[in-house]
Amino acid sequence: MERGVLLHISSLPGEYGIGSFGEAAYRFVDLVRKSRLTLWQVLPLNVTSYGDSPYQSPSAFAGNPYFIDLDLLVRDGLLTNEELPHYPAGAVDYAALYDERWDTLRKAFARFAGGEEYDDFCASAKWLDDYALFMTVKSLCGNVGLDAWPDEYRLRDKAALEKVRRAQRDELEFHRFTQYLFFTQWRKLKAYANANGVRIVGDMPIYVAYDSADVWCHPDLFLLDDRLIPTVVAGVPPDCFSATGQLWGNPIYDWDAMRADGYRWWIERLNAAGALFDIVRIDHFRGFESFYTIPYGRPDACVGEWVKGPGMALFDVLQASCDTAVIAEDLGLLDDDVRAMVRATGYPSMKVLEFGLDGENTNEYLPHNYPVNCIAYTGTHDNDTALGWFNALSASRRRRVRLRTRRLFGSPVPGMIRMLFRSRAKYVVIPMQDFLNLDSAARMNTPSTLGGNNWRWRLTILPETIEYRT
């Protein structure tokens, strides 16, 4: 069994409003190693956009410039101490970051001299020019969504885009520069983690945002009309958690077109994720077997239909073309076809203890029912913290949880962690909030909600050690 901790980069402590690839990240690697853990799981490292979710990004390939460490830029002579911003300790304030961080990075860009390493990066990142052009045009359009761009830009008029390339050379170069900083700093951090026996588990969303370079530059790979407006969008139908389902709004892949070109875009995407991480968790894995589509413009997910996905045809190609270790996030509405597809891939499946503790002994999320080939969690970033979840239960359900965890008094969370560490699971990853036994105030995300406290939780300091007993 490999044991690990889930903590997103944004949740690391620091002085500049959000976690980064700087000193606190290196000290966290030391903490993980000292605590006899070998896995550090993060959420997607992509650029965030409207709603601040790492699962809605303007690029499936680009990294979030907010994670660039400013102290390292001072060390490299690209910023001065006087130019560093000041933020109060506590949760991430994305509005303040948006107003400040791009201007701060532009100051660093003004001092950047380039060089061979930079040129090599720009030449090797095949997606980079598309991303830089998308971000530049988006800025020219007032940062509105792709659907609100003037036709000459949205429909990629060649003359209009060539004019942008000539007139906005510095802006295009700025976006290449921020990606160079992101990948340079991240690769050094990952190398440090690996050298200290810590492997990085990353996260890859199944879908991309509509307002993205991916859709704008590859419209033929998505179900769009002739004006590049989606015909259907992604989500999940109503269930016991939501009477109106979840309307995610992502465009749907044209799987016939993707199959016709040998799934090239997916090969490039998984290889890029494999270069970033040691193990890649693919989100909403059941969507590859069949996925729920909602007509564009609907206010919720009540009206929609299930459509068959590519299934093993995609993974046969990916496994032949990509040397990437994958975890299948197979939570949600499952059926025999989905389970058969996950087994056929050979990828570890996911088990969440919060889903099993109040169930019957045959519940698949109880540790004694886990297969070896799985990764187990107390909860994920979309769940309440374990303590918050427990506190919200009825008195009778809390009693049942206490009996299962053998914690008749106090918090049952240490007992939940111990149950997972004594299971057969190949991997066990515990959110940092649960190692610290924090309540709902530390929850990372509440699905189907926008804004509020989502994606904002941060540590104020790193603990001396991560406590657990087996």
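A search of the whole structure, a predicted model, finds zero disulfides. A disulfide is a covalent bond between the sulfur atoms of two cysteines. For Cys141, the closest cysteine sulfur belongs to Cys217 and lies 14 Å away, which is too far for a bond; the cut-off for a disulfide is a pair of cysteine sulfur atoms within 2.5 Å. Cys141 counts as buried, at 15% relative accessibility. Cys302, by contrast, is partly exposed, with a relative accessible area of 40%.

Cys122 was examined in its local setting. This residue lies in helix H4, which covers residues 116-124. Beyond residues up to four places away in sequence, Cys122 touches Leu128 and Arg176. The C-alpha atoms of Cys122 and Phe177 are separated by 8.8 Å, although these two residues stand 55 residues apart along the chain.

The model contains an open sheet of eight strands with parallel pairing, in the order S9-S6-S3-S2-S1-S12-S11-S10. Strand S9 (325-328) and strand S10 (349-352) stand at its edges; each has a single partner strand, so one side of each is left without a neighbour in the sheet. From one strand to the next, the twist averages 25°. Strand S1 (residues 2-6) runs parallel to strand S12 (residues 427-431), and five bridges join the two. Within this pair, Arg3 stands opposite Val428 in S12. Helix H8 (residues 169-195) packs on the sheet, where it touches strand S2 (39-41) and strand S3 (199-204). The direction of H8 makes about 135° with that of S3.

Strand S6 has parallel partners in S3 and S9. Four bridges join S3 to S6, with Val201 standing opposite Ile279 in S6. Four bridges likewise join S6 to S9, and here Val280 stands opposite Val326 in S9. The side chains of S6 point in two directions: Ile279 and Arg281 point one way, whereas Val280 and Ile282 point the other way. All four of these residues are buried.

The loop between strand S6 (279-282) and strand S7 (290-295) holds Glu289. A polar contact of 2.8 Å joins the side chain of Glu289 to that of Ser290. Not counting residues up to four places away in sequence, Glu289 touches Lys308, Gly309, Asp335, Asp337, Val338 and Met341.

A further open sheet consists of four strands in the order S5-S4-S7-S8, with antiparallel pairing. Its edge strands are strand S5 (246-251) and strand S8 (305-308), each of which pairs on one side only. Neighbouring strands of this sheet are turned by 45° against each other on average, direction ignored. Strand S4 (residues 232-236) pairs with S5 in the antiparallel sense over three bridges. In this pairing, Pro251 in S5 is the bridge partner of Val233.

The buried residues of H11 are Trp265, Trp266, Ile267, Arg269, Leu270, Ala273 and Leu276. An α-helix has 3.6 residues a turn, so residues three or four places apart point the same way.

Met444 is placed in the segment after helix H17 (432-435). The residue is buried, with a relative accessible area of 6%. Not counting residues up to four places away in sequence, Met444 touches His8, Ser10, Ser11, Leu43, His381, Gln433, Asn453, Asn454, Trp455 and Trp457. Met444 and Arg458, 14 residues apart in sequence, have a C-alpha to C-alpha distance of 9.1 Å.

Terms used: Residues are numbered from 1 along each chain as its sequence is written. This is a predicted model: local features need pLDDT of at least 70, side-chain atom pairs count only at pLDDT 80 or more; totals for chains, interfaces and linings use all residues. Side-chain values use heavy atoms; hydrogens and water are left out. Two strands pair if DSSP finds at least two bridges between them. Axes are lines fitted to C-alpha atoms, for helices over the stretch in contact, and angles run from 0 to 180 degrees between N-to-C directions. Buried means under 20% relative accessible area, exposed over 50%, partly exposed in between (1.4 Å probe, protein chains only). Contact means heavy atoms within 4.5 Å. A polar contact is a pair of N or O atoms within 3.5 Å; within protein, one must be able to donate a hydrogen and the other to accept it, and residues adjacent in sequence count only if both atoms are side-chain atoms.
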